[in-house]
2 protein chains.
Amino acid sequence: MKISVLGVASTKFGELWGKSLQDLMAEAQLAALKDASLQPSEVQAIFVGNMLAEKFEGQAHLGAMASQNLNLNVPSLRIECACASGGAAIAAGVRAILSGMHEVVMVIGAEKMTDVPTPMITSALMGAALYQTEHFAGATFPSLFALVTRLYMQKYGLTQEQLASVSIKNHFNATLNPLAQFSKKITLDDVLQSPIVADPLRLIDCSPVSDGSCAMIISSYDYAKKIENTGINIIATGMGTDALDLASRDEWTSFKATKIAAEQAYRMAGIEPKDIDIAEVHDAFSLSEIIALEDLEFFAPGTAGVASILGKTALTGYIPINSSGGLKAKGHPVGASGLSQAVEIVNQLRGVCGARQAKSPKIGLTHSMGGVGTTSVVHIFEKE
Amino acid sequence: MKISVLGVASTKFGELWGKSLQDLMAEAQLAALKDASLQPSEVQAIFVGNMLAEKFEGQAHLGAMASQNLNLNVPSLRIECACASGGAAIAAGVRAILSGMHEVVMVIGAEKMTDVPTPMITSALMGAALYQTEHFAGATFPSLFALVTRLYMQKYGLTQEQLASVSIKNHFNATLNPLAQFSKKITLDDVLQSPIVADPLRLIDCSPVSDGSCAMIISSYDYAKKIENTGINIIATGMGTDALDLASRDEWTSFKATKIAAEQAYRMAGIEPKDIDIAEVHDAFSLSEIIALEDLEFFAPGTAGVASILGKTALTGYIPINSSGGLKAKGHPVGASGLSQAVEIVNQLRGVCGARQAKSPKIGLTHSMGGVGTTSVVHIFEKE
């Protein structure tokens, strides 16, 4: 598989009260077109990842909105897989190109979350779990991840300091990313003194509520050659799902959906985990990053916390993880997060990330997750 | 293009208070597998069309739910294009097969609408239009369609009787469909004496609020040959979009999105409108059916109302339209409606529709719409 990335773009992430969801989408769409040196009329289909606009803004039908933003009439649809919506939209875009029905497609991720009160957001995000059991019983995502974190600590001896090292690294990386929501370096003390949200998770172990949008334009490799815009290719796409509710799972400290998605992607790309030079993984909670690093086979089960505190996932480490700042510090507008990972990896492979540029990565990976490991989408990007 | 339909199934449509959305999805999924003589493990990916579950039930992530229902871990995602969600899910399933990534995929449409009060439903459905102008200004879908209907009447001289003939036919057809929400024959008097909802639209010009789910299993033609389940193929898929808000359109009495979708589909199938033997078209309001018949080029602009009252679209007419009873009388669980059309056409081509069976149709068409002509999806099915 070889799908070319023609252009990428991201808005600033954060509390963007002056801009509507449509504004944010249009901003990312136009910037991605500019990055690809394409006219809107060259886009043949649009896939929009979004989770919450119906609930928060009464606005569905975002595919048509994205098409209208460019004054087009092309096939356009919204993809929803909770917080993996952006990753799933990329996978849908890839399928559309491979189908031979479209040569150039635009994939967008967008979310506007900061206009509503936090309890509404917490409740809406529980739509990613099983309503009838978990939501109805009063569970929240921090509480579910706290359960998983407690179990992981018990099983592998993960310390609070190792856990905190994930956020410290990601906040540091975000200080180097002008589009990130947070630009403040944090210390171990900051994490350990932050309020407990759901024991053992503290405030700084949890990703924020954010607004933002990203877009990516992809095409067949032949089309990219024709317009002389080759360079970065998507060489694999993998996706897996698991039970919506934790109670239906045998295993809590590793996510089957990620393992399935990763296995598919590695097989499709014909590479091994050690071949990945850089990755953006789903770090909605500190432990999500640790589990992702193990499920993606960068580190053995139970060892990613130690690797993290030893700096192996830092910008200059063995494998830089979340150089963008990740969901934790760059921000987590849920529908946009999967796309945002792709934007970062493409820019890292292009070598244009400035102060946070990793050392000449050739192969990068993105890992987007919805629910407590319920949906996982993995993409692998390669520099020619 | 030749994608095989291995199996189809539909639940009863109506006010199904005893069943949850998940129950309905599982029922349709298992029945479609039975119809296809397949095991769940043979399904390689799942596409779920749904619009309203997040808003009404706090339940997103229906792709994963559908996968969990079959105890699978396959790529599964939700597609939302307002009331065209089911049609768009079929198109996504078709692309997935054409991509070569999956041989057998399940497409589901599902909606549970009758558990919430009508004002909530009316408001939620306005998510299909543009919130910032139309919804915010107090417009509802009946009111927007009333505007279009008034204009059409003025332009082409359509009478209230011609308009009513659409509902009368569809209600008659529904009396022959055991899965339909309504099974009562209605007369012209019934329509003309029903309350005005938004002048000139009366209650019986509007489709109902419904629960229901449908599923379809499709595969590559080669796979269908291998398991000896050829017979019905999807030979074309077309999709178009237009502005979310009416104010941004030049033309109100014809929908550009449908014309684009139809043109793509006819070209892909290599056929002309006159080659279609039977069709299910989007009749959320009586006028939607009339405009669809013209945009699909079954009748010339301004003539479908006369054709309808002359019986040309009846079961025994020139081209039977909405033999199932249509959204009007079979019911309109919005995410399921596009799938439901496919179920009817497949069963008509198989010749198993009993009392409502049309005379040996060989080629059938489905037309699913979201918003006031904003998204249109057209599929063409052929009997081998």
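**Notebook: chain contacts and domain contacts**

I began with E54(A), which forms a salt bridge with R78(B), the closest N and O atoms being 3.9 Å apart. For a salt bridge I required a side-chain nitrogen of Lys or Arg within 4 Å of a carboxyl oxygen of Asp or Glu.

I note that this is a predicted model, where local features need pLDDT of at least 70, side-chain atom pairs count only at pLDDT 80 or more, and totals for chains, interfaces and linings use all residues. Residues are numbered from 1 along each chain as its sequence is written, chains are lettered from A and ligands numbered from 1 in the order in which they are written, and side-chain values use heavy atoms, with hydrogens and water left out.

**Entry 1: chain A against chain B**

I counted salt bridges over all chains and got 30. The pair I started from joins two chains, because E54(A) lies in helix α2 of chain A and R78(B) in strand β3 of chain B. Helices (H or I, at least four residues) and strands (E, at least two) are DSSP runs, numbered from the N terminus. Between chain A and chain B I find 4 salt bridges.

Next I looked up the extent of the contact (heavy atoms within 4.5 Å). Chain A puts in 59 residues and chain B puts in 59 residues. The buried area is about 4400 Å², and carbon and sulfur atoms give 53% of that. I take buried area as the accessible area (1.4 Å probe) that two parts lose on being put together, summed over both. Which residues of chain A lose the most area to chain B? They are H61(A), N73(A) and R95(A), together 17% of what that side buries.

I then listed polar contacts across this interface and found 34 residue pairs, both residues at pLDDT 80 or more. A polar contact is a pair of N or O atoms within 3.5 Å; within protein, one must be able to donate a hydrogen and the other to accept it, and residues adjacent in sequence count only if both atoms are side-chain atoms. Elements of chain A that each supply at least two residues to the side touching chain B include α2 (53-57), α3 (62-69), β3 (76-80) and α4 (85-98). By class, that side of chain A has 28 nonpolar, 22 polar and 9 charged residues. Ala, Val, Leu, Ile, Met, Phe, Trp, Tyr, Cys and Pro count as nonpolar, Asp, Glu, Lys and Arg as charged, and the others, Gly among them, as polar.

β3(A) runs antiparallel to strand β3 (residues 76-80) of chain B, with 3 bridges joining them. Strands pair here if DSSP finds at least two bridges between them. R78(B) turns up again, as E80(A) stands opposite R78(B) in β3(B).

**Entry 2: the two domains of chain A**

Chain A is divided into domain 1 (3-117 + 209-232) and domain 2 (140-207 + 234-383). The bounds come from an automatic or database domain assignment. I get 23 Å between the domain centres, taken over C-alpha atoms. In contact are 46 residues of domain 1 and 35 residues of domain 2. The two bury about 2900 Å² between them, 69% of it on carbon and sulfur atoms. On the domain 1 side, F13(A), C83(A) and I232(A) lose the most area to domain 2, together 25% of what that side buries.

How many salt bridges cross this interface? I find 1. I also count 10 residue pairs in polar contact there, both at pLDDT 80 or more. On the domain 1 side, β1 (3-10), α4, β4 (104-112) and β7 (211-220) of chain A give two or more residues. α4(A) gives the most, with 8 residues. That side divides into 26 nonpolar, 14 polar and 6 charged residues.

**Entry 3: backbone checks**

Most residues other than glycine have a negative phi, and most peptide bonds are trans. I found a cis peptide bond between D199(A) and P200(A), with omega about 10°. P200(A) lies in the loop between β5 (196-198) and β6 (201-202) of chain A. In chain B, a cis peptide bond joins D199(B) and P200(B), omega about 10°.

I also logged A82(A), a residue other than glycine with a positive phi near 55°. A82(A) sits in the loop between β3 and α4 of chain A.
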